[in-house]
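Trainee: I should like to work through this model step by step. May we begin with the terms?

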Amino acid sequence: MRNEDLPLYFQFFNEIGIINQLGRAAMEARFSDGLLMSHFTVLNHLIRVQDGQTPLKIAQAFQMPKTSLTHTLAGLEKRGLIEMRANPDDGRSKRVWLTEAGSAWRDAAIAGMGTEFAVVAQAFPPERIADALRLLTELRKFMDAARD
């Protein structure tokens, strides 16, 4: 990489980070019962990737310590949004299963963003968002493969 390109790449990732912060704040403002984006992302992960994973595997996907994830899982379980079941492959660990209530809560959280998404859609038509999404998806897949 050329040194003169470094600021461009930094600015690109900095903008993604700021957009993430703005999106997180907008979503959390609509969440009920003290739930946070960390709760939403676990539910979304279980839907997007697959439920029935161990807490360790989920923690690795989020690149965080398992102990940090344990608190989030406890909050989700307390609210009936996930179930922790014994791991049939390993009696010492558990697996995380999404409940119908968890799936419904995640879907309602996304639907609750309709007003904010409509405002964004006025400035950025679906075609532009689809173009950006292709680039971001490609970048995410590249970076995800590079960490493995």
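Mentor: Contact means heavy atoms within 4.5 Å. Helices (H or I, at least four residues) and strands (E, at least two) are DSSP runs, numbered from the N terminus. This is a predicted model, in which local features need pLDDT of at least 70 and side-chain atom pairs count only at pLDDT 80 or more, while totals for chains, interfaces and linings use all residues. Residues are numbered from 1 along each chain as its sequence is written, and side-chain values use heavy atoms, with hydrogens and water left out.

Trainee: How far apart are the end C-alpha atoms of helix α5?

Mentor: Helix α5 covers residues 100–111, which is 12 residues. The expected span is 1.5 Å times one less than the number of residues. That gives 16 Å, and the end C-alpha atoms agree, being apart by 16 Å.

Trainee: Against which elements do the buried residues of α5 pack?

Mentor: Buried means under 20% relative accessible area, exposed over 50%, and partly exposed in between (1.4 Å probe, protein chains only). In α5 the buried residues are Gly-102, Trp-105, Arg-106 and Ala-109. They fall within an arc of 95° seen down the axis, so they line one face of the helix; the arc is that of the directions from the helix axis to the C-beta atoms. These buried residues pack against α1, α2 and β2.

Trainee: Which residue in β2 is the bridge partner of Ile-82?

Mentor: Two strands pair if DSSP finds at least two bridges between them. Strands β1 (residues 82–87) and β2 (residues 90–98) run antiparallel and are joined by 6 bridges. In β2, the partner of Ile-82 is Leu-98.
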